[in-house]
Amino acid sequence: MRMSEVLRQLRQQRSTAGARPRLMQRFEAFLPITSATPVLSLGEGFTPLVHARTLGRLIGCPLLYLKVEGANPTGSFKDRGMVLAVAKAMEEGARAIMCASTGNTAASAAAYGAAAGLEVVVVLPKGQIALGKLLQAQVAGARVVTVDGTFDEALRVVRALGAKGAGARPVTLVNSTNPHRLQGQKTAAFEVIEDLGGAPDYLAIPVGNAGNISAYWQGFTDYRRTGLVETRPVMLGFQAEGAAPLVLGYRVDRPQTVATAIRIGHPVSGDKAIQARDESGGAIDSVTDQEILAAYRDLVRHEGIFCEPSSAASVAGVRKMAAAGEIDPGATIVCVLTGHGLKDPETAAANVDPPLEAEASVDGLREVLGW
Ligand code: F0G
């Protein structure tokens, strides 16, 4: 390329700020933002929508797309809602934020709280948090408390403390019970519509506390209200077999699954998720740990996208439904990949072989490679 052409292109787009606007500004009309809401951003949102050609062909859904939410600043979709929840907390004069978490909410709260200069307290079920997430919260300076119990128990305690008030400390709860969280998270649906030029036929998503599926449905509904699109997708939610209260319809007191982010027994937004399912004519189903891990591996081996195990539940579910002939092969399907694979190095390590070892010589390399 000639230098004059390079300069012409650089001048045309003076900075990357225009190419990547702030999430809260881009979708301000849909959000509860006032002139008093502080501008806060770590560059969240505007995540890639990737056409998964190879994996799509393999599972019989050629129009399979992946919404790569691991590309958010702290590596999960939580940043979309956290940016708004923290900005609103600042607007309301909070000095501290607090949440219970299976890890990603904690990592996001720690980062946005740090950026906002707030005290951050995160309460986690002991021994059940993927290492990357735990470290994210700790390194960012959050006060990390583990409790001997499940996520559901941690959330119960945090909500009770929030209701009682933390002494003289104005503290805001930033779990998805905070309505700003779901408002922020619905922006992912707007991006999907804008990238596809319309709503997909299906939207598949992992379900834990059931906030995100509810937020997407709200987003698709809000966008349709503008008249810019006519349809909304059929919503498909997937829980992990050992932690699937919405599927089985019974109490799950000791949820168990390799997908630690969605190891939840009593989803707070369960009613909203059921509503999204029913209004869209969709389904909430379960997938086994084996199905989740197979999708987790195939996503990165065929598409180069390394997500955390919980995220792969969406693809595992679509694969299962497609194999059962329950999905029209001509349908456009978006699977939400909610978090980055590096969040959970232990699961990754348990699913690979150790590296090959060679002498530091050409012959040594040739020998182990068989070249
Ligand atoms: N995927 C990932 C990677 C998650 O971290 C979560 C939830 C979900 C899916 C489920 O989303 O709860 O809105 O249905 N993680 C929460 C947390 C519970 O504390 O980080 P949901």
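Modeller: A contact here means heavy atoms within 4.5 Å of each other. This is a predicted model, where local features need pLDDT of at least 70 and side-chain atom pairs count only at pLDDT 80 or more, while totals for chains, interfaces and linings use all residues. Residues are numbered from 1 along each chain as its sequence is written, and side-chain values use heavy atoms, with hydrogens and water left out.

Biologist: What share of the contacts with a separation of 6 or more is between residues 24 or more positions apart?

Modeller: Such pairs make up 71% of them.

Biologist: And how many helices and strands?

Modeller: The chain has 17 helices and 10 strands. Both are DSSP runs numbered from the N terminus: helices are H or I, at least four residues, and strands are E, at least two.

Biologist: What's the strand order in the open sheet?

Modeller: It is 1-2-10-7-8-9, six strands with mixed pairing. Two strands pair if DSSP finds at least two bridges between them. Strand 1 (49-51) and strand 9 (283-287) are the edges; each has a single partner strand, so one side of each lacks a neighbour in the sheet.

Biologist: How do strands 7 and 8 run, parallel or antiparallel?

Modeller: Parallel, with five bridges between strand 7 (residues 202-206) and strand 8 (residues 234-240). P206 has F238 of strand 8 as its bridge partner.

Biologist: Switching topic, how much of the chain is buried?

Modeller: Of its 371 residues, 52% are buried, meaning under 20% relative accessible area with a 1.4 Å probe, protein chains only.

Biologist: What does the C-alpha trace span along its principal axes?

Modeller: About 70 × 60 × 50 Å.

Note on methods:
Buried means under 20% relative accessible area, exposed over 50%, partly exposed in between (1.4 Å probe, protein chains only).
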